[in-house]
Structure formats: structure tokens, C-alpha cells
Amino acid sequence: MVPTMAELLRLEKVSSGYGETVVLENIDLKLAESGTLAIIGRNGVGKTTLLATIMGHTRLHGGAIRFGGLDLAGRPGHERAVAGIGYVPQEREIFASLTVEENLTVAARPGPWTAERVYELFPRLAQRRRNRGNQLSGGEQQMLSIGRALTVNPKLLLMDEPLEGLAPVIVEQLLAAMERLRETGGFSIVLVEQHTRIALAFAQRTVVLDRGRVVFDGPSGELAGDPERLAKLIGVAGQPGQLHPAAEG
Ligand SMILES: Nc1ncnc2c1ncn2[C@@H]1O[C@H](COP(=O)(O)OP(=O)(O)O)[C@@H](O)[C@H]1O
Ligand SMILES: [Mg+2]
């Protein structure tokens, strides 16, 4: 018999949004311990809202979110961090006036992920440890945002488009670090990623969102091997005959 991995995260019929506005509807999702999950879909379909909902930064309109044995509904974000969720937000949100080292200690919790271990993963941050957040390049800020989430010593790491807007050489470095985390980090990862091929190659399972709903949930290989289905799901093909950028303006 194949042993089943313990479940770490489960969303059941989750609806959430901002104020009265419902963005996500009826989301079911689960993730095993040490599992990897990619969330893909076009701009504005609700990927960031999904991570923000797991972190408690949105209004939960219905459904349940379980993390380990905990019911997360109604718990504020900092409690979710303490429970073991590390969050790398799309906007990075590092502390601009604090040094790299201070950013790495401000939310730290006991465990194997110390500032020193983050410096091993991102040697550039070690060179920059006395620089303030606002003195860093975009790539260094992203490394710091990931590093800060690691010092929480999470059981689950949420990353929202960590490669967005970065130069190719930095993307390569970050991706290599993310692959190391996947292999040796000792936690589960949810990766929101615009680069579909990177997402499918990175994660065991993939969820495709479209207008706030799950339209695919399955092994990443299923989509990687079926570009036509993938195009339909994420709508890159748009409506046939309507995508003629060269004809515009
Ligand atoms: N703070 C907010 N207040 C109100 N609406 C928001 C807020 N953030 C995002 N939205 C809306 O929620 C929808 C999903 O956005 P988002 O989760 O950022 O999508 P994605 O990350 O997939 O690009 C969009 O229609 C967006 O306009
Ligand atoms: Mg987003």
C-alpha cells in the first residue's frame, strides 16, 4: 500500500472577497504535508485573493479553511503566521526603513530557518545585511521577502508571483533557490505564478482559476502534456478570431 501523506491545508466551499464584493466562489482545495501546489490563471481571476484569504486578509463570506488541526476562520493574520504559514506577498512588503538583518529577525520564530541560513540560500543578502530595505534592488527585495517568510519557520510557504518583473538572471537565481526549498525546505509550498511553464514544472499539482472559480485541479503533468487544454483553461487563446493585436491602433 502506498502511504497517504497527511493533509496540511484544506479549503472547503470557500467564498471570499473585499467588503460586500465576492471575488472567490466555492473554492475547494487541499494540500498534503511537503506537497507543492501551483495556482495559475489570467490577471484578475483571484490568485492573490486566494492567498490573501488563506492569510486572513480578506472577508470570508462562507466555507471553511483548515490548517493542520486548526480552523483558521476568524483568526487574524499574525495568528496564522504563528500557526506556521509564511507569506511572500505580490508587493513584497519588506520594511523599507529596516536593514536586511532586521527584516530577517523582526518576525522570526525558533526553528532551523535563521538569518544565517537565509544568507546561505541568498549570499547577496549576506553582503547587504546592513543595508536598508529601500536600498535594495528588486531582486534583492524579493530574496528578502522570501527570506523573511522563511524565518517564520513555516509549515506552509505561500508565494505570490515571486519572479514578476525581475531580470532573467535574477529569475534563474530565485528559481534555483525555490527548487532548493522545495527539495530540502521541509514545508509545503503554494506558488502563484504567471509563467505557466515554470508553474507546471515546479509543482506536483496545479489549480487553474477563472473568474474566482476553480476550473482545473489535478496533477501538473496533465496540463503540461496538453497545451490545447491549457490554452482553453487559462484563455490565452481568447475568443477565436478576436485576438489580433497587430490590427489594433
Ligand atoms: N483590495 C481590493 N479591494 C477590492 N477589490 C479587489 C481588491 N484586490 C483585488 N480586488 C479585485 O479582486 C479581483 C481579483 O484580483 P486578484 O486576486 O488580485 O487577481 P490576480 O492575483 O489573479 O491577478 C479583481 O477583480 C480585483 O479587481
Ligand atoms: Mg495577483
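In what order do the 6 strands of the open sheet with mixed pairing stand? The order is 6-7-8-3-9-10. The structure described here is a predicted model. The protein holds 10 helices and 10 strands. Its radius of gyration is 18 Å, close to the 18 Å that the globule rule gives for 249 residues, so the protein is as compact as a globular protein of that length.

**Overall form**

- Taken along the principal axes, the box filled by the C-alpha atoms of the protein is roughly 55 × 50 × 45 Å.
- Of the 249 residues, 39% count as buried.
- When contacts between residues at least 6 apart in sequence are considered, 68% of them join residues at least 24 apart.

**The sheet of 6 strands**

- This sheet is open, and its pairing is mixed.
- Strand 6 (85-88) and strand 10 (213-219) stand at the edges; each has a single partner strand, so one side of each is left without a neighbour in the sheet.
- On average, neighbouring strands of this sheet are turned by 15° against each other, direction ignored.
- Within the sheet, strand 3 (residues 36-40) pairs with strand 8 (residues 188-192) in the parallel sense, over 4 bridges.
- Ala38 has Leu191 of strand 8 standing opposite.
- Helix 6 (residues 138-150) packs on this sheet, where it touches strand 6 and strand 7 (156-160). The direction of helix 6 makes about 170° with that of strand 6.

- Strand 1 (residues 7-18) and strand 4 (residues 59-67) run antiparallel and are joined by 7 bridges.

- Strand 4 and strand 5 run antiparallel and are joined by 2 bridges.
- Phe67 has Leu70 in strand 5 as its bridge partner.
- The two strands form a hairpin with 2 residues between them. In the turn, Gly68 has a positive phi of about 60°.

- Helix 1 (residues 47-55) has 8 of its 9 residues buried, so it is largely enclosed by the rest of the structure.
- The buried residues of helix 1 are Lys47, Thr48, Thr49, Leu50, Leu51, Ala52, Thr53 and Ile54.
- Gly56 follows helix 1 and has a positive phi, near 85°.

Methods
Residues numbered from 1 in each chain as written. Chains lettered and ligands numbered in written order. Predicted model: local features only at pLDDT ≥ 70, side-chain atom pairs only at ≥ 80, totals over all residues. Rg over C-alpha atoms; globule rule 2.2 N^0.38 Å. Buried ≥ 20, exposed ≤ 12 C-beta atoms within 10 Å, placed from the backbone. Contact = placed C-beta atoms within 7 Å. Pairing = 2+ DSSP bridges. Axes fitted to C-alpha atoms, helices over the stretch in contact; angles between N-to-C directions.
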